[in-house]
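Colleague: Thanks for sitting down with me over this one. Could you walk me through what you have built?

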Amino acid sequence: MLRPLITPLILASLLNGQFNHQEKMVFKRTLGKSTYAIELDGRTNETGFFHKHMDFGLHYPIKNDWKVGLKYRQMYRTSDDGWQLEQRPQAEVIKTIKRTKIKWQIRSRMDYRIREGKDDAMRNRTRIQLKSNNQFTRFKLTPFFRNEFFFSTDPWKYYINRIEVGIDLPKTNIGEWSIYYKYNQTLTDGAWEPAYTFVFKLAI
């Protein structure tokens, strides 16, 4: 029963303290046509453990491979004054396009950011995802690629680009592991600043 956990946990322990890494756990359940999910997330970079959040959301399918979703995220990040809270009500729409070899997904999300010590703000996150319909190698890995674009709304400005490349492992009795590399570029004072993270996600 523990065998599906061994490789990701070994990788996570090797990364601990050496590379930026992020651990995510997602619990999903269905009720009728709706899907409910709870997500737990922790992140560590060269400064230490700096980010944690929990969110709850639901998605409801509508015709022609469309879904709508409502979520609420409670997020904490470290600062000179300790942990700072940001609350994020979120609304999103998702379109799935199924092809023979690849499944496309386009997601557009609106965040309303309620921040301690800062003005409230709205932003848009639009993500394009490509995922193979086939598994590869004897380990039955499913590759995927994502590109997400972040826009502030007052004024409307493109200021973050995120690329994720990774694999889904086969489902087990415990759940499904995903391992991927996340590369961010953030526009700061007219220059794009890069950051990277290795992500370990378990969906149950």
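Modeller: Gladly, and one cut-off first: two residues are in contact when heavy atoms lie within 4.5 Å. Please also keep in mind that this is a predicted model.

Colleague: Good to know. With that cut-off, which residues does Trp 83 touch, not counting residues up to four places away in sequence?

Modeller: Trp 83 is part of strand S5, which covers residues 82–98. Leaving out residues up to four places away in sequence, its contacts are Phe 49, Phe 50, His 51, Lys 52, Tyr 76, Arg 77, Thr 78 and Glu 116.

Colleague: And does Trp 83 count as buried, partly exposed or exposed?

Modeller: Buried would require under 20% relative accessible area, and exposed over 50%. Trp 83 has 35% relative accessibility, so the class is partly exposed.

Colleague: How far apart in space are Trp 83 and Glu 148, C-alpha to C-alpha?

Modeller: Along the sequence, 65 residues separate Trp 83 from Glu 148. In space, the distance from C-alpha to C-alpha is 27 Å.

Colleague: Take S3 and S4 next. Which residue in S4 is the bridge partner of Leu 58?

Modeller: Strand S3 (residues 48–62) and strand S4 (residues 66–79) run antiparallel and are joined by 12 bridges. Their hairpin has 3 residues between the strands, and Asn 64 takes a positive phi near 60 degrees there. In S4, the partner of Leu 58 is Leu 70.

Colleague: Over how many bridges do S4 and S5 pair?

Modeller: S4 and S5 form a hairpin too, with 2 residues between them. One of the bridge pairs sets Gln 74 against Gln 87 in S5. The pairing is antiparallel, and the number of bridges is 14.

Colleague: What share of the accessible surface belongs to carbon and sulfur atoms?

Modeller: Of the 204 residues, 35% are buried. The accessible surface comes to about 12700 Å², and the share of carbon and sulfur atoms is 59%.

Colleague: Last one: among the elements, which has the lowest mean pLDDT?

Modeller: The protein as a whole has a mean pLDDT of 91, and 91% of its residues reach 70 or more. Over residues 1–6, though, pLDDT stays under 50, and the model has 5 contacts beyond four places in sequence for them. Strand S7 (residues 121–132) has the highest mean among the elements, 98, while the lowest, 49, belongs to helix H1 (residues 3–15).

Methods:
Residues are numbered from 1 along each chain as its sequence is written. This is a predicted model: local features need pLDDT of at least 70, side-chain atom pairs count only at pLDDT 80 or more; totals for chains, interfaces and linings use all residues. Side-chain values use heavy atoms; hydrogens and water are left out. pLDDT is the predictor's confidence in each residue, from 0 to 100. Helices (H or I, at least four residues) and strands (E, at least two) are DSSP runs, numbered from the N terminus. Buried means under 20% relative accessible area, exposed over 50%, partly exposed in between (1.4 Å probe, protein chains only). Accessible areas come from the Shrake-Rupley method with a 1.4 Å probe; for residues, only the protein chains shown count as cover. Two strands pair if DSSP finds at least two bridges between them.
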